[in-house]
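Me: I've got a structure on my screen and I'd like to talk it through. Could you take my questions one at a time?

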Amino acid sequence: IEKHLDFLQTHVFSKVEAVDPLPPMPSQTRFKAPVVVNERYPAQENDTTIATFSWLTTKPTQVEDTLALTLLDSVLTDNDASPLKRALLESKLCTMADSFLDIETSEIPFVIICKGCQDQDVEPLKNVILNTLERLSHTGIDPQMAQSALHQLEFERLEIGGGGYPFGLSLFFRSGLLKQHGGKPENGLQIYTLFEKLQAKIQDPQYLGGLIRHYLLDNPHFVQVSLHPDSNLENEEAQNER
């Protein structure tokens, strides 16, 4: 590695002048009230409505909360027995339910996606989500369930072959992401320290319930998007393109 670094220093870095870094992206103006959006998507005759429910949460530079939200995402919808996913599927208002947390953007959205819906199911689905989150915020998350999800998450973060590229490159991306968003790149290398802290916090069943309350239930920066199937939209778009 020293030989490689010497080569880069001689042939690349020594010929580059340092410039001032770009400032971090400004924070998005927070919504004072939820937003509802209705859109169409190109679809076949029997396709159904897709509903998404999203909150804007925190910045990736807040590494402890980012990891805790990643754990919460896993606990809520990781499998059919997860409390939120189970409630959505048992409601019969959708045929598929999932969620994701985009931790690479300058501010992290938490998104719940429901497929196989009808137009009239969107509002009832939102009620199922909010009622389930409200219940979990009061009862808390079973520490054993949280512990199991945390163990799996830690395994994924430490897996040398995870992600399909070299582990060193994975660590570089984690550091570079924080540097890009104005944080300390060394914080992206924290694994054991962060997991030890989170391990202690989830012993309190109310900890994850408090995250639900703070980042979801009491967060007005919420967007509900309904995508309605339209068999004519593809032709309309093709005509506009022509």
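**Charges, bridges and patches**

Reply: Let's start at the surface, where Asp78, Asp98, Glu156 and Glu159 gather in a patch of negative charge. Patches take residues with over 30% relative accessible area and no salt bridge, joining like charges within 9 Å and nonpolar side chains (Val, Leu, Ile, Met, Phe, Trp, Tyr) within 5 Å. Lys and Arg count as positive, Asp and Glu as negative, while His and the chain ends are left out. Note that this is a predicted model, where local features need pLDDT of at least 70, side-chain atom pairs need 80 or more, and totals for chains, interfaces and linings use all residues. Residues are numbered from 1 along each chain as its sequence is written, and side-chain values use heavy atoms, without hydrogens and water.

Me: Where is the confidence of the protein chain lowest?

Reply: pLDDT is the predictor's confidence in each residue, from 0 to 100. The protein chain averages 92, and 99% of the residues score at least 70. Strand S2 (residues 49–56) has the highest mean at 97, and the lowest, at 89, belongs to helix H6 (residues 167–180).

Me: How many helices and strands does the protein chain have?

Reply: Helices (H or I, at least four residues) and strands (E, at least two) are DSSP runs, numbered from the N terminus. Read from that end, the order is α-β-β-α-α-β-β-α-α-α-α-α-β-α. That comes to nine helices and five strands.

Me: Which side chain does arginine 40 meet in a salt bridge?

Reply: Side chains of opposite charge can pair when their charged atoms come close. Here a salt bridge is a side-chain nitrogen of Lys or Arg within 4 Å of a carboxyl oxygen of Asp or Glu, and the count comes to 10. Arginine 40, in strand S1 (residues 35–42), pairs with a residue of strand S5 (residues 222–230), 190 residues apart. At 2.7 Å, N to O, the partner is aspartate 230.

Me: Of that pair, is aspartate 230 buried or exposed?

Reply: Arginine 40 is partly exposed, at 42% relative accessible area. Aspartate 230 has 14%, so this side of the pair is buried.

Me: How many residues apart in sequence are glutamate 64 and lysine 201?

Reply: The closest N and O atoms of their salt bridge are 3.1 Å apart. Glutamate 64 lies in helix H2 and lysine 201 in helix H7 (residues 192–201), so the bridge ties together parts separated in sequence by 137 residues.

Me: About how much accessible area does the nonpolar patch have together?

Reply: The patch is formed by Ile1, Leu5, Phe7, Leu8, Val12, Phe13 and Val16. Valine 16 lies in the loop between helix H1 (2–11) and S1, and counts as exposed at 56% relative accessibility. Accessible areas come from the Shrake-Rupley method with a 1.4 Å probe, and for residues only the protein chains shown count as cover. Together the patch has about 700 Å².

Note on methods:
The place of a charge is taken as NZ of Lys, CZ of Arg, CG of Asp or CD of Glu. Buried means under 20% relative accessible area, exposed over 50%, partly exposed in between (1.4 Å probe, protein chains only).
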